[in-house]
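This report describes how two protein chains meet. Please look at the sequence and the model first, and then read on.

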Amino acid sequence: MLKILALGVVLAVCAILVAAAVSGSQGDPLQPGDLAPDFTLKASDGQTYHLADLKGTTVVLAWFPKAFTGG
Amino acid sequence: MLRQFDVKYFMISVDTLEDNTKFAEMHEADFPILANPEKDVARAYGVLGRTGFASRWTFYIGPDGRILDIDKAVKTATSGEDMVAKLTALGVKKGM
């Protein structure tokens, strides 16, 4: 009986861990007022942009799902 | 439309640099399109969906590096006008 109970607890913990991993766990959602995550990425104009280098300027970062798709 | 404001505008996706470069050329984009095929920046911004693509969210980041606003209901048909309205509402200064 105790073995079955222990197994159940272990399975439940495993399920929770898997669910957390699968969810992508991106941490707490960003909110206005938070520091924007820094990045260094290459762009279509041949330049490499580092967000920290753009301090002093307002930056608009428009995420889109996929190139060559409608909208 | 955004040129009236003192902002740096980027589009960004998890596509490859090659794809985004072709996309930019096809649409004669006069702004940089950033590529994040590693998806690490997408994860950091919380935009990575279960499909592996980014959600269509726009982040407005102030001169101090802090997020001013996040638009999670972007309408592609009116995105330009909406960004102008947002930047105006946020009090972003206009360029010279």
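How much area do chain A and chain B bury between them? Together they bury about 4400 Å², 64% of it on carbon and sulfur atoms. Buried area here is the accessible area, taken with a 1.4 Å probe, that two parts lose on being put together, summed over both. The size of an interface is often given in this way, as the accessible area lost when the parts come together. In chain A, the residues that lose the most area to chain B are A:Val60, A:Trp63 and A:Phe64, together 20% of what that side buries.

The model is predicted, so local features need pLDDT of at least 70 and side-chain atom pairs count only at pLDDT 80 or more, whereas totals for chains, interfaces and linings use all residues. Residues are numbered from 1 along each chain as its sequence is written, chains are lettered from A and ligands numbered from 1 in the order in which they are written, and side-chain values use heavy atoms, with hydrogens and water left out.

The contact (heavy atoms within 4.5 Å) involves the following numbers of residues.

| Chain | Residues in the contact |
|---|---|
| Chain A | 36 residues |
| Chain B | 54 residues |

Polar contacts come next. A polar contact is a pair of N or O atoms within 3.5 Å; within protein, one must be able to donate a hydrogen and the other to accept it, and residues adjacent in sequence count only if both atoms are side-chain atoms. Between chain A and chain B there are 19 residue pairs in polar contact, both residues being at pLDDT 80 or more. In chain A, strand E1 (40-42) and strand E3 (58-63) each supply at least two residues of the side that touches chain B. E3(A) gives the most to that side, with 6 residues. Strands are DSSP runs of at least two residues, and helices (H or I) are runs of at least four, numbered from the N terminus.

E3(A) also pairs with strand E3 (residues 58-61) of chain B in the antiparallel sense, over 4 bridges; strands pair if DSSP finds at least two bridges between them. Within this pairing, A:Ala62 stands opposite B:Thr58.

Which side chains meet in a salt bridge? They are those of A:Lys66 and B:Asp15, at 3.1 Å, N to O. The term requires a side-chain nitrogen of Lys or Arg within 4 Å of a carboxyl oxygen of Asp or Glu. B:Asp15 lies in the loop between strand E1 (7-13) and helix H1 (17-26) of chain B and A:Lys66 in the segment after E3 of chain A, so the pair joins two chains.
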